[in-house]
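Work through the exercises below with the structure in view. Each task is followed by a solution in steps.

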Amino acid sequence: AWMERLDGAVLFADVAGSTALAERLAERGPRGAEEFGRVLNAFFAPLIEAVHAHGGDVVKFAGDGLYAFWD
């Protein structure tokens, strides 16, 4: 196993209620999927900008979640 100790701060953020929203929008077919993509982009775009503006790095996206790190 590999381990490295780092001093820093971590942010985990996700969209509350996204599963229910995705299910409702899925009923609209491809238009619903596009709408869901727009919702996620609207949520993540300012968050990504804020992370970068304050010297952080977005490490990973996982579904409706974001992981950022500052060292």
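Predicted model: local features only at pLDDT ≥ 70, side-chain atom pairs only at ≥ 80, totals over all residues.

**Exercise 1.** Decide whether Arg38 is buried, partly exposed or exposed, then find its salt-bridge partner.

Step 1. Arg38 has a relative accessibility of 47%. Buried means under 20% relative accessible area, exposed over 50%, and partly exposed in between (1.4 Å probe, protein chains only). Arg38 therefore counts as partly exposed.

Step 2. Residues are numbered from 1 along each chain as its sequence is written, and side-chain values use heavy atoms, with hydrogens and water left out.

Step 3. A salt bridge requires a side-chain nitrogen of Lys or Arg within 4 Å of a carboxyl oxygen of Asp or Glu. Arg38 forms one with Glu35, at 2.9 Å from N to O. The count by this rule is one salt bridge.

Step 4. Glu35, at 29% relative accessibility, is also partly exposed. The two residues, Glu35 and Arg38, sit three apart in helix α2 (residues 30-53), so about one helical turn separates them.

**Exercise 2.** Which residues does Ser18 contact, leaving aside its neighbours within four places in sequence?

Step 1. Ser18 lies in helix α1 and is buried, with a relative accessible area of 6%.

Step 2. Contact means heavy atoms within 4.5 Å. With those neighbours left aside, Ser18 is in contact with Phe36 and Asp64.

**Exercise 3.** What is the average pLDDT of the chain?

Step 1. The average is 94, and 100% of the residues score at least 70.

Technical notes. Helix = DSSP H or I, 4+ residues; strand = E, 2+ residues; numbered from the N terminus. pLDDT = per-residue confidence, 0-100.
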